[in-house]
Amino acid sequence: MWLTKSSIGRKTVMSVTGLALILFLTFHVLMNAVAIFCPEAYNKICGILGANWYAVAATLGLAALFVIHIIYAFWLTIQNKKARGNDAYEITSRPKSVEWASQNMLALGIVIACFTVLHLYQFWGHMMLAELLPCLGIQTVATCPVSGEEVAIAANDGWGQIMTYFGGPLGWVVLAIYLIGFAALWFHMTHGFWSAFQSLGTNNDTWMPRLKKTSCAWATIVCLLFAVEAIVFTLKAQCPECGNAPVPAYELKVMERSHHGEAAPCHDMMKHQCGEATPEGCQGKHEGCEGKHECAEGQCQGKQEGCCGEKKCAEATEDCCQK
């Protein structure tokens, strides 16, 4: 088959898979931008792209593209070294027309691959994989800013996952690693974008200068947006008002166990909201009268789980227990 046996075929595979991955990165950076402006909308997107069959199929397709791209990169590198033979050691300088990135594409690719493994562990592993295989017990655990108790971040809570990994003492280290990954990605994309079109036959004096400019602009926009987003996420996760808490709670809704034993999102614990309950009904903890079961004003005397939602009473007055 010419896609594997010929040099042109292998370069074609590299080009097509590379361009497909660039399109995915463009979608990814735009999706991340949603998280900055509206975390709730971002979580809805994460829900749509969760453990659904179409999301799983797309993930498998992306994984195949990534693996094929890496395999062919090593293959072409080995082929080029064999073709040069001993002449490769006679080169003492590089022509000015040869870009630094073009001479280090494999090394840059390895850096990007290592960064991708970390990224997949942090997010794909604790989101989609956690939903697909709950038997593995994969879970993101963080400390609640108010109670100090450990809480589990839901697998489909993308914003909570972001705040967890960019927060805490290691948040700045994670940011540094991401910025290094984005820098390597920029060099890789600036050369790879136009080189892919060149391999596909677009190689003339009219289009190549345009493609090189487009390649540089596209790579710069995508990688710069990635970097800005990572910095914004880190600043939000490390905000002074949240102290050293790994999970800031100004917009994040952490998970807790309700009195029924089912996971339910509690109110913004940073703001100590208690729903519509009176102070007497919200003594002690600030969960807002047990998750979603908000109390009507004046009805929750005694324990805060009484007279809420399902009309279940606990040390409450008879008047509030009418079915």
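This is a predicted model: local features need pLDDT of at least 70, side-chain atom pairs count only at pLDDT 80 or more; totals for chains, interfaces and linings use all residues.
## The main core

Which residues of the largest nonpolar core touch the most other members? They are Ile-162, Phe-166, Met-189 and Phe-233, out of 35 residues in that core. A nonpolar core here is a set of buried Ala, Val, Leu, Ile, Met, Phe, Trp, Tyr and Cys residues joined through side-chain atoms within 4.5 Å. The elements giving two or more residues to this core are α2, α3 (39-48), α6 (105-124), α8, α9 (171-199) and α10. Apart from it there is another core, of 5 residues, including Val-13, Met-14, Ala-73 and Leu-76.

Now for Met-189 and its surroundings. Leaving aside neighbours within four places in sequence, Met-189 is in contact (heavy atoms within 4.5 Å) with Ile-22, Leu-25, Ser-215, Trp-218, Ala-219, Val-222 and Cys-223.

Residues are numbered from 1 along each chain as its sequence is written, and side-chain values use heavy atoms, with hydrogens and water left out.

## The overall picture

The secondary structure comes to 10 helices and 4 strands, and along the sequence they run α-α-α-α-α-α-α-β-β-α-α-α-β-β. Helices (H or I, at least four residues) and strands (E, at least two) are DSSP runs, numbered from the N terminus.

Of the 323 residues, 39% count as buried. Buried means under 20% relative accessible area, exposed means over 50%, and partly exposed is in between (1.4 Å probe, protein chains only). The protein exposes about 18300 Å², with carbon and sulfur atoms supplying 63% of that; the areas come from the Shrake-Rupley method with a 1.4 Å probe, and for residues only the protein chains shown count as cover. Take the contacts between residues at least 6 apart in sequence: 58% of them join residues at least 24 apart.

## Helix α8 and what follows

A polar atom of the Thr-164 side chain lies 2.7 Å from the backbone oxygen of Gly-160. After α8 comes Gly-168, with a positive phi near 75 degrees.

Gln-238 sits in the loop between α10 (207-237) and β3 (255-257). Gln-238 and Phe-166 are 72 residues apart in sequence, yet 7.7 Å apart in space, C-alpha to C-alpha. The Gln-238 side chain reaches the backbone oxygen of Phe-166 at 3.3 Å. That is a polar contact, meaning a pair of N or O atoms within 3.5 Å; within protein, one must be able to donate a hydrogen and the other to accept it, and residues adjacent in sequence count only if both atoms are side-chain atoms.

Not counting residues up to four places away in sequence, Gln-238 touches Phe-166, Gly-167, Gly-168, Gly-171 and Trp-172.

## Along helix α2

Ser-15 lies in helix α2 and is buried because its relative accessibility is 4%. The side chain of Ser-15 reaches the backbone oxygen of Ala-196 at 3.4 Å. Beyond its neighbours within four places in sequence, Ser-15 is in contact with Ala-196, Ser-199 and Leu-200.

Leu-65, from helix α4 (residues 53-84), has contacts with Thr-17, Ala-20 and Leu-21, again leaving aside neighbours within four places. Leu-65 counts as partly exposed, because its relative accessibility is 24%. Leu-65 and Val-13 are 52 residues apart in sequence and 9.5 Å apart in space, C-alpha to C-alpha.

Phe-27 is in helix α2 (residues 7-37), and its 45% relative accessibility is why it counts as partly exposed. Together with Ile-48, Leu-49, Trp-53 and Tyr-54, Phe-27 makes a nonpolar surface patch of about 570 Å².

Terms used. Patches are made of residues with over 30% relative accessible area and no salt bridge: like charges are joined within 9 Å, nonpolar side chains (Val, Leu, Ile, Met, Phe, Trp, Tyr) within 5 Å. A salt bridge is a side-chain nitrogen of Lys or Arg within 4 Å of a carboxyl oxygen of Asp or Glu.
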